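Please look over the model below with this note beside it.

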Amino acid sequence: MLASRLPGILPPLSDGEALESCAVRSVAGQGVDIARWRQRPFRAPHHTASAAALVGGGSIPRPGEISLAHHGVLFLDELTEFDRHVLDVLREPLETGRILISRAARQAEFPASFQLVAAMNPCPCGYAGDPRGNCACTPDQVQRYRSRVSGPLLDRLDLQLEVPRVPLSELNAMSANGETSALVAQRVAAARRRQLDRAGKTNAALNTGEAERDCPLRVPDRALLERAVDALGLSARAYHRLLRVSRTIADLDGEERIGTAHLTEAIQYRHMERRR
Ligand SMILES: [Zn+2]
């Protein structure tokens, strides 16, 4: 439910982005719904989808789900049920925003700049960590289950959260008292404006040099980040990802400088790696 709400807090597509989105749909042989013009796409392919359906393919290469999600959200529910090799193909577009499809006769490159959202159970039975359920899995089974998501893919997931079961009564109370998507969308738009004013692009699009330039840390915070990266066994890529996430949290706070609280929050979101 959270994943499907995400497009509601994202800013509308620019006209240029909307055109690109339409072009991809057209090449994929899908209709264009003018009522959805400038709405960010949300794609949720099933875990039984073939590699070609997911990333694109065919004798005349056609875009797959990752390209249909261009400028929008790709939601993979039951992440561990997806073919691990298919998941590993996602690594390239997650870095470059593009996918190259090579077939004997032809090659095609499609745009695939999407926000990846994935969900999985904590263990095969689904009850690990739930105080009211009794997890029936052995530590070995849990370990094997979690290892279906490879380290390099995990490395590219900036926000990893455990979402405990919520009793229905609390859920109803939350939706009655919680913020509306429209309100959150305003905050997102303001943070995004800060990023565009500063760098002409979003934080996610900063390369490593730009991240060093735009995400300066105070000396003790830099030492804290280096210790965390060592302790969690993270890559240099994850180091720069943590910088960009810290910058974004500071932007959402309306702060010019990244503070210790922003950085520690970003590190906390590395939940799966903290559990290893
Ligand atoms: Zn279990």
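1. Donors here are N, O and S atoms within 2.8 Å of the metal (3.2 Å for Na, K and Ca); water is not among the atoms, so sites may look incomplete. On that basis, the donors of the zinc ion are spaced C-x1-C-x9-C-x1-C along the chain. C123 and C137 are 14 residues apart, and both sit in the loop between strand 7 (115–118) and helix 7 (139–146). Helices (H or I, at least four residues) and strands (E, at least two) are DSSP runs, numbered from the N terminus.

2. This is a predicted model, in which local features need pLDDT of at least 70 and side-chain atom pairs count only at pLDDT 80 or more, while totals for chains, interfaces and linings use all residues. Residues are numbered from 1 along each chain as its sequence is written, and side-chain values use heavy atoms, with hydrogens and water left out.

3. The SG atoms of C123, C125, C135 and C137 coordinate the zinc ion at 2.2 to 2.4 Å. The angles among the four donor atoms are 106 to 114°, and the site is tetrahedral (four donors, all angles between 85 and 135 degrees).

4. Helix 12 (residues 219–232) packs on helix 13 (residues 236–253) at about 135°, with the axes 10 Å apart. Axes are lines fitted to C-alpha atoms, for helices over the stretch in contact, and angles run from 0 to 180 degrees between N-to-C directions. R222, L225, E226 and V229 of helix 12 meet Y239, L242 and L243 of helix 13, contact meaning heavy atoms within 4.5 Å.

5. Helix 10 (residues 181–199) also packs against helix 13: their axes come within 8 Å and cross at roughly 120°. Helix 10 is thus oblique to helix 13. On helix 10 the contact uses R187, V188, A191, R194, Q195 and R198; on helix 13, R247, T248, D251 and L252.

Technical notes: Four donors count as tetrahedral if all angles lie between 85 and 135 degrees; four count as square planar and six as octahedral if opposite donors are over 155 degrees apart and all others between 65 and 115; anything else is irregular. Angles under 35 degrees count as roughly parallel, over 145 as roughly antiparallel, 65 to 115 as roughly perpendicular and the rest as oblique.
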